[in-house]
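Here is a short briefing on one protein chain. Look at the sequence and the fold first, then work through the points by topic.

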Amino acid sequence: MRHHLVCLPAVLTVALTGCGIATTGPAPAGPPASGLREPGSVAAYAQLYFVSPFGVQAVARRVNSPAGPQQALDLLLAGPDAAERARGLITEVPPMPGPPTATAEPGAVDLYLPVPVAKMNGGGLGVTQLVCTAANAEVPGGKQPPAVDVRVHEAGTPGVWTVRCNAAGNVIPVPNPSQGGS
């Protein structure tokens, strides 16, 4: 007990003196915060999918108004911007004889590819980029992107296949797609 009482003043002295850091006044921290929206403003973003060393990654691009599937695809086809390239993002959408096109209806997007997927160099990630970008665009019908059916039409190939882009950015087949897109 006596040993504890002898140590108490030493402990209190150390605790009260702090750790040797002198007090200072306010330090300048740079300009005021930016990037915050003004009250009442509505910012619109297009969600585009590029490829990183870790797989397909979504990025948000500011646009003037909500982007439909075709507008989002046009942004995707322009490739990553300088900031996205600096983060290591690339595109795996190969050059094609014409641009892919997309039309939307309630809850669905029809994606028209100018070549069959089998003839697209490295087509797997490129197709994922196209499908997920189209599904995450402004699609009428109020469905969340993972519930949007993307019907893929390949030039020169009969039939249509339907897929969805899940929340992780993976393309998954739709076993029994609805025909009307409801």
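How many bridges join strand 1 to strand 2? Nine bridges do, and the two strands run antiparallel. This is a predicted model.

**Hairpin**
- Strand 1 (residues 44-52) and strand 2 (residues 55-63) form a hairpin with two residues between them.
- Tyrosine 45 has arginine 62 in strand 2 as its bridge partner.
- Strand 1 is mostly covered, with seven of its nine residues buried.

- Five strands make an open sheet, ordered 3-4-5-6-7, with mixed pairing.
- Strand 3 (101-105) and strand 7 (171-173) are at the edges. Each has a single partner strand, so one side of each has no neighbour in the sheet.
- From one strand to the next, the twist averages 30°.
- Strands of a sheet pair through backbone hydrogen bonds, either parallel or antiparallel.
- Strand 3 pairs with strand 4 (residues 108-113) in the antiparallel sense, over five bridges.
- Within this pair, alanine 102 stands opposite leucine 111 of strand 4.
- Helix 2 (residues 69-77) lies across strands 3 and 4. Its direction is at about 150° to strand 3.

**Nonpolar core**
- In soluble globular proteins, nonpolar side chains tend to be buried together.
- The largest nonpolar core here has 34 residues. Val109, Leu111, Met120, Leu130, Val131, Val150 and Val152 have the most contacts inside it.
- Two or more residues each come from strand 1, strand 2, helix 2, strand 4, helix 4, strand 5 (149-154) and strand 6 (160-165).
- Helix 4 gives the largest share, six residues.
- Beyond its neighbours within four places in sequence, valine 131 is in contact with Leu111, Val150, Val152, Val163 and Val171.

**Glutamine 129**
- Is glutamine 129 buried or exposed? It is buried, because its relative accessible area is 0%, and buried means under 20%.
- Glutamine 129 is found in helix 4 (residues 123-135).
- Its side chain makes a polar contact with the side chain of threonine 91, at 3.1 Å.
- The glutamine 129 side chain also reaches the backbone nitrogen of glutamate 92, at 2.7 Å.
- Setting aside neighbours within four places in sequence, glutamine 129 is in contact with Tyr49, Phe50, Val51, Leu76, Ile90, Thr91, Glu92 and Val93.

**Salt bridges**
- Side chains of opposite charge can pair when their charged atoms come close.
- The whole structure has five salt bridges.
- Arginine 61 pairs with glutamate 84 in one of them, with the closest N and O atoms 2.8 Å apart. This pair links strand 2 to helix 3 (residues 82-86), across 23 residues. Arginine 61 and glutamate 84 are both buried.
- Aspartate 110 and arginine 151 form another, at 2.9 Å from N to O. Aspartate 110 is in strand 4 and arginine 151 in strand 5, 41 residues apart. Both residues are buried.
- Arginine 164 and aspartate 149 also meet in a salt bridge, at 2.6 Å from N to O. Arginine 164 belongs to strand 6 and aspartate 149 to strand 5, 15 residues apart.
- Arginine 164 is partly exposed, at 26% relative accessible area. Aspartate 149 counts as buried, at 1%.

Conventions:
Residues are numbered from 1 along each chain as its sequence is written. This is a predicted model: local features need pLDDT of at least 70, side-chain atom pairs count only at pLDDT 80 or more; totals for chains, interfaces and linings use all residues. Side-chain values use heavy atoms; hydrogens and water are left out. Two strands pair if DSSP finds at least two bridges between them. Helices (H or I, at least four residues) and strands (E, at least two) are DSSP runs, numbered from the N terminus. Axes are lines fitted to C-alpha atoms, for helices over the stretch in contact, and angles run from 0 to 180 degrees between N-to-C directions. Contact means heavy atoms within 4.5 Å. Buried means under 20% relative accessible area, exposed over 50%, partly exposed in between (1.4 Å probe, protein chains only). A polar contact is a pair of N or O atoms within 3.5 Å; within protein, one must be able to donate a hydrogen and the other to accept it, and residues adjacent in sequence count only if both atoms are side-chain atoms. A nonpolar core is a set of buried Ala, Val, Leu, Ile, Met, Phe, Trp, Tyr and Cys residues joined through side-chain atoms within 4.5 Å. A salt bridge is a side-chain nitrogen of Lys or Arg within 4 Å of a carboxyl oxygen of Asp or Glu.
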